[in-house]
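Keep the structure open beside you.

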Amino acid sequence: MKLILLGAPGSGKGTVSEYIIKKNNIIHLSTGNLFRKRIEEKGQYWEDLKDCVVNGKLVSDDLVNKIVKSELEKYTNNESFILDGYPRTIEQADFLATVTNVDCVIYLNVPQDTLNKRLLGRRMCDKCKKIYNIYFTKTKVEGKCDIDNGNLIQRKDDNEEVIKDRIATYNINTFPLVDYYKKKNLLIDVDCSKSHDEIDKEIDKIIDMYSK
């Protein structure tokens with residue numbers, strides 16, 4: 001079972017991927033995690049990656065493709081995996097098709113106003129790093145974590161200007177993948193405006209379908 005998780009910033013890719021890997025024997029391949037690991041361990045291409053991070057540049061398609069390919073080559077026994085954060089462009093998707101066959105693309109479909117609330121309302125505990133949202137997951141005491149009473153803070157990149165730029169970049173570069181995979185009959189649309197329980201049930205049905 002080889003899956004791609006596709007969705008805009010704030011669509012819940014992190015939450016859904018965590019749910020999937022907890023319930024299933026599946027490898028989670030997140031480009032963000034792969035980049036951080038390479039930089040920390042000074043692995044192949046780490047200097048190029050660090051330069052992108054330090055200077056706020058996007059990692060080029062060519063470099064991302066090389067890193068993903070080298071990672072996929074580690075799995076030679078047809079292991080199940082889910083790609084999170086890749087592909088982000090049509091060019092990356094075309095390259096991926098030369099490396100492996102994908103069974104399904106799960107598209108987390110979220111209305112724009114909900115995306116804005118998820119991103120602008122996101123707060124993180126400064127101690128345990130648990131994530132809350134002032135619109136959807138309020139704490140018992142305003143501004144305090146339910147677990148350890150830590151202070152809730154807003155990430156610097158969770159401001160209106162940065163979020164607007166992130167959504168615009170997604171719409172230009174990544175959203176076209178929805179139609180790309182739909183034409184290949186690989187896309188399954190999950191309505192993420194529903195409750196967590198309803199979303200989990202839809203995800204379970206998809207996983208069951210492709211794990212048989």
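Angles under 35 degrees count as roughly parallel, over 145 as roughly antiparallel, 65 to 115 as roughly perpendicular and the rest as oblique. The model is predicted.

**Exercise 1.** Find how helix 1 and helix 9 are oriented to each other, and which residues meet.

Solution. 
- Step 1. Helix 1 covers residues 13-23 and helix 9 covers residues 196-211. Their axes lie 11 Å apart, at an angle of about 50°.
- Step 2. Helix 1 brings Val16, Tyr19, Ile20 and Lys23. Helix 9 meets them with Asp200, Ile203, Asp204 and Ile207.
- Step 3. Sort the contact residues of helix 1 and helix 9: five are nonpolar, none polar and three charged.

**Exercise 2.** Which residues of helix 5 are buried, and what covers them?

Solution. 
- Step 1. In helix 5 (residues 90-99), Gln92, Ala93 and Leu96 are buried.
- Step 2. Their arc around the axis is only 100°, so they sit on the same side of helix 5.
- Step 3. Their cover includes strand 1 (2-7), helix 4 (61-72), strand 3 (81-84) and helix 8 (176-183).

**Exercise 3.** Tell the buried side of helix 3 from the face turned away from it.

Solution. 
- Step 1. Trp46, Leu49 and Cys52 are buried in helix 3 (residues 46-54).
- Step 2. They cover an arc of only 125° around the axis, so they share the same side of helix 3.
- Step 3. These buried residues pack against helix 2 (31-41) and helix 4.
- Step 4. The face turned away from the buried side carries Glu47 and Val54, both exposed.

Technical notes. Residues are numbered from 1 along each chain as its sequence is written. This is a predicted model: local features need pLDDT of at least 70, side-chain atom pairs count only at pLDDT 80 or more; totals for chains, interfaces and linings use all residues. Side-chain values use heavy atoms; hydrogens and water are left out. Buried means under 20% relative accessible area, exposed over 50%, partly exposed in between (1.4 Å probe, protein chains only). Helices (H or I, at least four residues) and strands (E, at least two) are DSSP runs, numbered from the N terminus. The arc is that of the directions from the helix axis to the C-beta atoms. Contact means heavy atoms within 4.5 Å. Axes are lines fitted to C-alpha atoms, for helices over the stretch in contact, and angles run from 0 to 180 degrees between N-to-C directions. Ala, Val, Leu, Ile, Met, Phe, Trp, Tyr, Cys and Pro count as nonpolar, Asp, Glu, Lys and Arg as charged, and the others, Gly among them, as polar.
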